Every structure is written in structure tokens, then in C-alpha cells.
Amino acid sequence: FTFDFHISLVHAPGAMTPSFPALDLTGQVRRQSDHPTVHIEVPLDVLAQMVPAELAMDVRALPNRPVAREDDVAEAVNMLSMAKNPVIIAGRGALAAAPSLAQIAEKTAATLFTTVGAKGLVPDDHPLHAGATLCLPAGWDYVEKADVILAVGTELAETDFWRLTLPINGKLIRVDLDPEKLVDQYPAALP
């Protein structure tokens, strides 16, 4: 990757507080550019420290688990049932849905990929499990040929694929708690 910005936090031995305000700079950099790549280098001694209360930021709480609309579920079932080459991508947010995802994969013959954060979601020896291999060219090629992709609990982030974008050409169904993920760089046919 080429980084548009590089921020290095330093903590001199004996200093009372590390340079936490530099973290706010990252947000400013991100807002000033369309999609800058920001690299933040943080020494381990800085990571181990408590953030002073006056520097703590508000944390955005996600809403409660939404209930899926019946017509959306019916449409997703229809899309997956009609697919010739369905794929499921499960992230860490899908861990609680492991049995259901395995059933969906089995009923639709969908290949099930996991992100690294969802390793262990299904047993490694499950016949439809492709593992956490979306960081490999073979995984990218497989997803590129899929006609329907069900993405559950995953941001579809470049850190999961080791590339800027995943080549998704098929119809995308997204299931995520964060409504912003449903309309990001991977627009869903069925959010």
C-alpha cells in the first residue's frame, strides 16, 4: 500500500503523557480527502496506557439488533436458491449465527468464506467451508465469479482481503448491525 499520510506517535521515556492529540489529526485527514490511506504508528508503551478522560471521545453505540423484514428474508432466500454459484462471506459479527449460516450454505450449496475474525465459525472440515482465504488470489477469483454473495457481519474491509476492494460482480445481500455498512463502497442489491 501507499500511504497518503503517516502519523507516528512518540512517547519519550519519562514523559508524563504520550501525544494522544495526534489521533484526532487522523479524523481530520480522513475528512479532508475522499479515501486517504492513513498509517498510524503507535509504540506499545503508548497502547498500554490509559487515555486521559479529557481526551476520551464519545463512542457511537450501535442500535439493538434489528428484526429482519419478512419480505427481505423471502427475497434473500429466493436470490440464494436461484443462484448458480452462491457465496457466503461471514465476519466476526456473524459468530452467533454460525449454525444458521452452516444451514444456509448446505441448503443452497454456497461456498462459505470467513474473515480472519470469524475463523472457527464452522469446522475446517465442513465440505462447503473455504476458510479465511479471501486474502488469496484464488479466493478473489472465486468471489468474482459468484452470482449472489451473502455478506453477514463483515465490513468487507481491505484488511480482510489484502487489497483495496474485493471483486464483487454478483448481487450482494448484506446483513449487518451498522446501517452505514449497508451502503458503503459495496452497494447491496438487498441490504
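The questions and answers below go through a predicted model of one protein chain.

Residues are numbered from 1 along each chain as its sequence is written. Local features need pLDDT of at least 70, side-chain atom pairs count only at pLDDT 80 or more, totals for chains, interfaces and linings use all residues, and side-chain values use heavy atoms, without hydrogens and water.

Reader: How many helices and strands does the protein chain have?
Author: Helices (H or I, at least four residues) and strands (E, at least two) are DSSP runs, numbered from the N terminus. Along the sequence they follow the pattern β-α-β-α-α-β-α-β-β-α-β-α-β. The count is six helices and seven strands.

Reader: What share of the residues in the protein chain is buried?
Author: Buried means under 20% relative accessible area, exposed over 50%, and partly exposed in between (1.4 Å probe, protein chains only). The protein chain has 191 residues, and the buried share of them is 36%.

Reader: Is Thr-115 buried or exposed?
Author: Thr-115 lies in the loop between β4 (111-114) and β5 (129-131). A contact means heavy atoms within 4.5 Å. Leaving aside neighbours within four places in sequence, Thr-115 has contacts that include Ala-90, Thr-154 and Asp-160. Its relative accessibility is 5%, so Thr-115 counts as buried.

Reader: How far apart in space are Gly-153 and Lys-181, C-alpha to C-alpha?
Author: Gly-153 sits in the loop between β6 (148-152) and α6 (158-161). Gly-153 is buried because its relative accessible area is 18%. Not counting residues up to four places away in sequence, it touches Gly-91, Arg-92, Gly-93, Ala-94, Val-175 and Asp-176. Gly-153 and Lys-181 are 28 residues apart in sequence, and their C-alpha atoms are separated by 9.6 Å.

Reader: What is the phi of Leu-156?
Author: Most residues other than glycine have a negative phi. Leu-156 belongs to the loop between β6 and α6, and at a relative accessible area of 1% it is buried. Although Leu-156 is not a glycine, its phi is positive, at about 55°.

Reader: Is Trp-162 buried or exposed?
Author: Trp-162 is found in the loop between α6 and β7 (171-175). It is a residue other than glycine, with a positive phi near 60°. The relative accessible area of Trp-162 is 59%, so this residue is exposed.

Reader: Among contacts between residues at least 6 apart in sequence, what percentage joins residues at least 24 apart?
Author: The contacts considered are those in the protein chain between residues at least 6 apart in sequence. The part joining residues at least 24 apart is 55%.
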